[in-house]
Structures are given as structure tokens and as C-alpha cells.
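Please keep the sequence and the structure open while reading.

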Amino acid sequence: MSDEPSRRKIKLETRHGGSRESRSRRDRPCDICRSRKSACVIAIKPPCRFCELRGLECTFATGPRPRHRERNTPLETSEAARSENIGNPGKPASDRSKTEAQVGSPDSHVSPQASRFPIPSGYVPPSSAISASSPESERSASSSRGRQYLSLQELTSNPAPVTSHGSPAQQQQPEPLPKRHVSLYSHESSRNRHSLEYGPNLTAHFIGLSGEQDTDLFSSIRYNVLNETKFVDFNVRQVYGGDPISGQPPIHFSILHDSFPYRDQRAKKAASDAIEAHVQGYADTLFRLYFRFVHPVIPVLSKAGTIMAYAADKLSIPASLRGIIYGLALPFWTQDPALKDRPLISQAELFEHAHAALNRELDSPKLSTLQACLLILHEQPDISGTTESPKIWVLACQATAVAQSLGLHQDPSLWKLPPWEKSLRKRLWWGTFVNDVWTSICHGNTPHILPSSFSMTELSLEDLSSDENIVGLSGAHLVDVANQEFQPQAAASFLSAIELTKVLSDVLKDSYSPQSYREAILRENKAGRQNYLLRSMASVNKISSAALQYQPSTPSPMIKTPSPPRKGSALHDSGYFHLSVYAIKFLILRQLLAPATHESKSDPDSNLCRHYALAMKEGENFVELVSKMCTTDLHVFWPRHSRTNLIIGGNHLIYLFFCSATEVGVAKSYELLQKYQDLLSSAVKKADWSTVGLIRPSLLRTDSFFHNAAEGIRLSSRT
């Protein structure tokens, strides 16, 4: 037989890791694949590909059916069987849906196995769900179902189930799923249809205009890559067809399997186990503290999605994100009555395991990976550090790269995605933008995200309210009652922070580049630069005033009744925002007063002399802000860039002292520095490990100034 040249030899992947001929009977299919009469693809050991992707039990209990000759042709037999099912509605539904029940819910995500695949039983493409509304259309669809094939678009999106009347619902109930999958199945059927984030062992990567193939060509061809075993390594899903009239390109994502090497799986498992062992007995409390203190300031998580996943199976949350949630809640250990008398666990150890897991997860990033990247850089700084570590800038760049690989810089408004995922992608992108810009000033770097590099639309209160109301959801008891509803005040602060970041981005681009420095030194375009900086200062004042005067309202049905305000003043809740306001003001004033030279100090018409009074006034306002901060409880969440902003504020007071052209100015700036030093010294005495890292770097700079004050005065008189 092996010498017959006409025989075709097709190699198929088997559970033994090798390959076999298509007619070989050495490898029997599993029970589910046997009932479906489809190839049972097992790479190394069970489960097979189909059972693994559907979350089904892969068994080999049944044997092959007896072979006998049929009078009718296979096609006639299948057509007759279908006609019998349609023409006999009284036939028990359990008989007709036996195969479907064995296979699983048609809502499960179908993974692409080749360029074209037979349609699973009970599947109807979303585009045809409406047209199949009559019995006649159903019979037409049913009679041709055996010869239809899934398109690439249908293959990589979640299919819609159909009843006997063509409505997108499931008439017959599938077999009960294992307990571990019940909540996930219910969650997927109602929430995750067409989602890029949720898929069994699948990851979606954005394909940009300069990707491996022309984006317009992707729209007109089937494109998937087969490996040596003829298994699809990845294929392409289109989420938006583009608009030639408005010049918007088609948007595509490559859909890949999360095939992590064993060493990566072992490392992630070890990190996950170490994290859970470290927080054993405290996990739920830390989870609650995170949503009380951290989430209102940095709302990058889907509150509903995260809490339901945690309640169903907390290990379903990636180890890196889980460890970071626990770790960021540790500074508020004493805020919980159940924890305040217990010994504090180590935040550094949690973040060490989170970094180890995140390093492995970067190979196939998802939105949860980006959430971990955005949150991990807010680890409490070492109390002995006097300058910001360059590692923070590196981590912010990592987050930017992950966001772009997920396509978050593109506007998803017209994409075929769930509404909650569109809103989450928007808030994640703007969170990435805020991180990139504010982290860049820690060492005077240029932000990586430029206004021309993204098309994401503005974030709104409706976007921030998505998934925020969790009353009645599974796991709602894990969050304090006051945090179970949408908090408009906290959302408004986040929107104001984004507006401030836009101003800062423009200031850094236009005033802190080599070209702008050259213009300042050579006094080129003096009037234009001055007008631009004054307009920027006015924009900052406007944003700050609007944030202080904000009153919660209900602009749309999406926003529920506002929850009662949290304890503490507005300053207590948003001190980080006010520090950001003054940091931008001082960076603008630094350019308004430039160049800070000896000649400028002696020239009454120089920028330094003209704007010095404004700089002094803002310095006084800043010291007053610090005075209010130090009289309130500092045990709130401070984003990592807050301490850099406090350093910029303290250095502005030192800048005023050295740039003063009069004795009155010298005395006034010296007095401000003394008051500022006293305030920080008093705050440090009351601080603990969670707040001393915020205050100490700025205090050390002020102490150093007074230690070298006499020498500084002599130097200032020469410059």
C-alpha cells in the first residue's frame, strides 16, 4: 500500500507529539470529537485542542460505532435527518441537542484551526441573526448548514446561539458546566461577546499601518499563518472596516494562542503561590482597602469585572495584577480595624513576586497586563532614596509599549467590541498618557506619547462610570458599601488630572526642548514665547478652579445617584492633584523668568524682573497648600510622581531666593524657605513608612540649602 503513488498522505498533529497518516487508527478521537465527527488534535497529551478551548472534559470512554452500509448517500441521510428534526417539533429536544450538549455552549469562543471550518451545531453568524426570523428562513439555513463554513471574521468573534425561531438565544439548555466554569460561562454569554480581552487562551495584538501586511489588503483576503503541523499559529480579526470618506483605515488584530513555555508557566505559578502565601488570611481585606483608597485615584481597573472574577476564582486574575492590588493596599493596613493590631507584611516581597510574574506575562499582553504595568510603578519608594529611580521611567515606557501593542492609542468608538471594553480601553489609554508625561519630568526627559501619535477620543464621566456600580453583583460584599457605586467627585478629579497633563505635555514639547532653550538664551521669538506661556498658566488656573468648584450631578442615565462624599476635605482626597497644579505652574514660571542670569537680574525690562512678582505669589500659595496638607491626615494614596512634584515646589522656593534682584525679595524668599522647612520637619516626625518617602527628599534639599546658605548667598551675588 505504501508504494501506491495515488494515495494521499496527510500529516495530522496527534496527542503523541508526532504526526500520523489521516487514515491511521492508532489514535482514537476523544468522545466529544467522535460525536462531532471531527479531527481530534492533541499536541502532546489530552485535552485536545477543541476541549481545551471550550473548557470541556476530554474523555476516551466510548469506542467506535459499528460500521454498516447505508442505502442512502451520506448527503441524503444528513438532509433527511435535518428535515425530520424540522418537521417533527414534537420530538424530544434532548435527542436533537444531544451532540450540542456534549460539545458545550455555543457561546464559547471558537478558536481558528484553519482558514475555513464547518459551522458548529447551533451557530448562526451575528449578521444573519435578524434575517433568520421566520420558519422558512430557518429551514433554508438549516438545510445548508452542513455545507456552510465560518468566515475569518466570524471565526475570531464569539458566535451567537439561535433558537428554533432564529432569535439570538439558546432554547435548549446545555449540560451543567463544572462548578469552576458556571460563573465564567454566564459572565461570557452576557458580557464578553466580541471582546478582544476575554478568550480561552487567546491574545489580541494590534496590527498598525506599518505592520506585516497592508491594512486594506487585510480587509479583502483571508490571512492566517500555518505552522509545520498545519495548525493555525495566528490569524487576523477585523474590528472596524474603515471609512474611506473620512480617511479612517481598517483596524485589525492578530489573534494568537497563549502558548507559554513550561518555564514561564512554572515561574508564574511559583509567583502566584508565593503571593497568596504571603497574604494568607488578609487577601479579602487588602482587596477591599485597594478599592477604598487606590481605585478612586487611579481608576484603571474594571471594578465590576475585577470583583466578579475575584469572587468566582481569584486565581483567574493574573498573578502580577493580584500581587500589585495587595501591595498597593498595604500602606492603609492600619485603616482597617481587623488589621491594625496585626504585624504588617512586606510590600517589597509582594512587588518582587509581581515583577517576576509580569516579566513572563509580557510575552502575550492583555488589558490586565497593562493594568499591572500602570500600577506597579506606584510602589512605595525606599525611604532612603533622595532622587527618583530611573526604573520608574523605564516602567512607564514599558506601559506605553504594552498599550500601543494592544491598540489602545486608536479610537474604539466604532469597533465591534462590548461597550464596557470600549470605555475601559479609553480610560487605560489616558491613564497611560498621564503616567508617561508625569514620569518624564522626574529626570527631565521628553514624553514618548505625542499628540500626533494617537486618535483616542476624550474620556468622559460616562466612560468612567462604566462598570463602577456593583450593587447586587457577585462579590459586591468584598467592597465597602460606600465604594459600591460610582463616585463622580473622584472621577472628576481624574478628568481634571488628564486636562492638566495635556497642558504639561504641550509645555514640555514647546518650552523644554533644545530649540526652545536656544530661543530663550538668544531672546528669539520673545513675545510669542511669553504669550504662549501666559496662556498655559491661564489654562492651569482654569482647570484648577473648575476642579475645586465641581458639583456632582447626574448628566446621563448611566451615572447613578452619587454616593455620600468620603470623610475629609477636598484637599485630603485630592492633595496629589493640587501638587500637580503647582508643579506645572512652577515649570511654566521657570520658562517665563528665563534666562536666569546676572544680566537679567540687573535689567528691569528682563523676563526675570517682569515676572518675579508672579513667581513669588505662586510660591506663597504653594507654602500655604503644604501647610494645609500637613494639618490633615497624609495617609491617603499618593501617586508616585507626587514626591517629584513636591520636590519641584521646594526647589521653586530656592530658585526665588537665588534669582531675587532686591534685598526685599531675598528676605521674603528666605522666610518662605524657613516656613517650608518647619512644615516638612513637623510632618516627618508624624510620618510612617508609607508617607516619609513623599516628604523626605524635598526636606533634605531644603536642609541642604540652609546648611550652605552663606555660600549660596555669595554665589548668587556673582551670578
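A residue is called buried when its relative accessible area is under 20%, exposed when it is over 50%, and partly exposed in between. Phe-658, with a relative accessible area of 28%, is therefore partly exposed. The model is a predicted one, and the values below are computed from it.

Across the whole structure, a search finds 22 aromatic pairs. Another of them joins Phe-657 and Phe-705, whose ring centres are 5.1 Å apart. Phe-657 belongs to helix H25 (residues 641-659) and Phe-705 to helix H27 (residues 692-707), so the contact ties together parts that are 48 residues apart in sequence. Ring pairs connect Phe-657, Phe-658, Tyr-670, Phe-705 and Phe-706 into a cluster.

Next come the nonpolar cores. The largest nonpolar core has 137 residues, and the members that touch the most others are Leu-286, Tyr-290, Leu-370, Leu-375 and Phe-622. Helix H22 (residues 570-592) gives the most to this core, with 12 residues. Apart from this core lies another, of 11 residues, which include Leu-196, Phe-206, Trp-415 and Leu-417. Which residues does Leu-375 touch, not counting residues up to four places away in sequence? They are Tyr-290, Ile-298, Val-300, Leu-301, Leu-321, Ile-324 and Leu-328.

Leaving out residues up to four places away in sequence, Thr-400 touches Thr-432, Asp-436 and Ile-449. Thr-400 and Gly-431 are separated by 31 residues in sequence, and their C-alpha atoms are 9.9 Å apart in space.

Turn now to the charged side chains. The count of salt bridges comes to 16. One of them joins Lys-426 to Asp-463, with the closest N and O atoms 2.8 Å apart. Here the partners come from distant parts of the chain: Lys-426 is in helix H17 (residues 419-440) and Asp-463 is in helix H18 (residues 461-465), 37 residues apart. Both Lys-426 and Asp-463 are buried.

Are the two partners buried or partly exposed? Glu-499 has a relative accessible area of 33%, so it is partly exposed. Lys-502, with 18%, is buried. Lys-502 also lies over the face of Trp-430, at 4.9 Å from the ring centre. Another lysine placed over a ring is Lys-585, whose charged end sits over the ring of Tyr-582, 5.1 Å from its centre.

A further salt bridge is formed by Glu-620 and Lys-668, whose closest N and O atoms are 3.0 Å apart. Glu-620 lies in helix H24 (residues 607-630) and Lys-668 in helix H26 (residues 663-686), so this pair ties together parts that are 48 residues apart in sequence. Glu-620 has a relative accessible area of 29% and is therefore partly exposed. Lys-668 counts as partly exposed too, because its relative accessibility is 37%. Salt bridges can also share partners: in this way Glu-276, Lys-314 and Arg-322 are joined into one network.

How values were computed
Residues numbered from 1 in each chain as written. Predicted model: local features only at pLDDT ≥ 70, side-chain atom pairs only at ≥ 80, totals over all residues. Heavy atoms only, no water. Core = buried A, V, L, I, M, F, W, Y, C linked by side-chain atoms within 4.5 Å. Buried < 20%, exposed > 50% of the residue type's maximum accessible area, 1.4 Å probe, protein only. Helix = DSSP H or I, 4+ residues; strand = E, 2+ residues; numbered from the N terminus. Contact = heavy atoms within 4.5 Å. Salt bridge = Lys/Arg side-chain N within 4 Å of Asp/Glu carboxyl O. Phe/Tyr/Trp six-rings, centres within 6.5 Å; stacked < 30°, edge-to-face > 60°. Lys NZ or Arg CZ within 6 Å of the ring centre and 35° of its normal.
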